[in-house]
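Here are a few friendly notes to read alongside the structure. Take them one at a time, and find each part on the screen as you go.

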Amino acid sequence: ARCASSARVLSVQSHTVRGYVGNKAAVFPMQLLGMEVDPFLTVHFSNRPGYPRLTGTTMDAAQFTEIADALRENDFLPQYTHVLTGYARGAELLRKLGSLIAESRSANPALTVLIDPVLGDNGALYVPEENVPVYRDVLLPLATLITPNQFEAQLLSGVEIACAADAARACDALHDRGVPIVVITSLDFPADGNGDDVRVLFASDARGRVAGAAPKRFTIAVPKVEGTYVGCGDLFASLLLTHFYTGGDDLPKALENACSTMLAVIRRTHQAGAPELQLIQSREE
């Protein structure tokens, strides 16, 4: 096991004034678990979608470059042990992000990178379509771990997922793009005899395998909680990154810990009837 305080995360994703999505969902849990976190905001919005009004600003590639240049000139890049990415709008910004990650890894070859390829869900994109090939061709080869949902895994792998065997094929296609660890965070088909009351997480670990050997596969059945909860992917990615580090890169243990906390937060949010994740109230989880 490693001490979390020896880690520093550059967390590149959205920010909202109200509610818990993007960096608002990711930074607090990582800090609570002992990680140093530097939030890099790709958007600054009043709130998440779903309220009567949403306003704010979106960072463009030039603004991203300005911040990145300062991080470089202040010699901060070699200090990062981890990079976590989430929601970002523009393809050009994503390319700049890829360059920043590559430069950070050059400065620190042990850099761990978790890419959450935030593209869409339930069959619909909520970013420009031009983002898809940038994730696939630029960012995925830089990743240590990726955490797509089912829709995103299908988009990035080109494999339609209707069963566990399809999920394995999708993971293999993503491994072929250079990603050591793929975690598909939610599958909408019954697997291993589970019914409609669970959500299945499917993970594939190709680290250290010999040529021709199959990756290690893991599935976790997480009970579904009635309702819609926004920010879960952002929270899950931050928990997984933290537990993966503090647990000595033990993927099954990190997945179990992340899923356990996620379920506790969602259940507490459901019990409260709250519109936003109950992060503060769940800090003991």
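Predicted model: local features only at pLDDT ≥ 70, side-chain atom pairs only at ≥ 80, totals over all residues.

**Notes on the model**

1. The crossing of helix 3 and helix 4 is right-handed. On the helix 3 side, the contact is made by Ala-91, Leu-94, Arg-95, Leu-97, Gly-98 and Ile-101. Helix 4 brings Asn-131, Val-134, Tyr-135, Val-138 and Leu-139 to that contact. Sorted by class, the residues of this contact are eight nonpolar, two polar and one charged.

2. How do the two helices lie relative to each other? The axes of helix 3 (residues 91–107) and helix 4 (residues 131–139) cross at roughly 15 degrees and come within 9 Å. Because angles under 35 degrees count as roughly parallel, helix 3 is roughly parallel to helix 4.

3. Zoom in on one pair of neighbours. Strand 4 (residues 82–85) pairs with strand 5 (residues 112–115) in the parallel sense, over four bridges. Here Val-83 stands opposite Val-113 of strand 5. As background, the strands of a sheet pair through backbone hydrogen bonds, either parallel or antiparallel.

4. Which helices pack on the sheet?

5. Is helix 5 (residues 150–157) enclosed or open? Seven of its eight residues are buried, so helix 5 is largely enclosed by the rest of the structure. The buried ones are Gln-150, Phe-151, Glu-152, Ala-153, Gln-154, Leu-156 and Ser-157. They pack against strand 6 (120–121), strand 7 (124–125), helix 4, helix 6 (164–176) and strand 9.

6. Finally, visit a loop. Ala-211 sits between strand 10 (198–205) and strand 11 (216–223). Is Ala-211 buried or exposed? Its relative accessible area is 82%, so Ala-211 is exposed. Between the C-alpha atoms of Ala-211 and Thr-112 there are 23 Å, and these residues are 99 residues apart along the chain.

How values were computed: Residues numbered from 1 in each chain as written. Heavy atoms only, no water. Axes fitted to C-alpha atoms, helices over the stretch in contact; angles between N-to-C directions. Parallel < 35°, antiparallel > 145°, perpendicular 65-115°, else oblique. Left-handed = near helix turned anticlockwise from the far one by under 90°. Contact = heavy atoms within 4.5 Å. Nonpolar A, V, L, I, M, F, W, Y, C, P; charged D, E, K, R; others polar. Buried < 20%, exposed > 50% of the residue type's maximum accessible area, 1.4 Å probe, protein only. Pairing = 2+ DSSP bridges.
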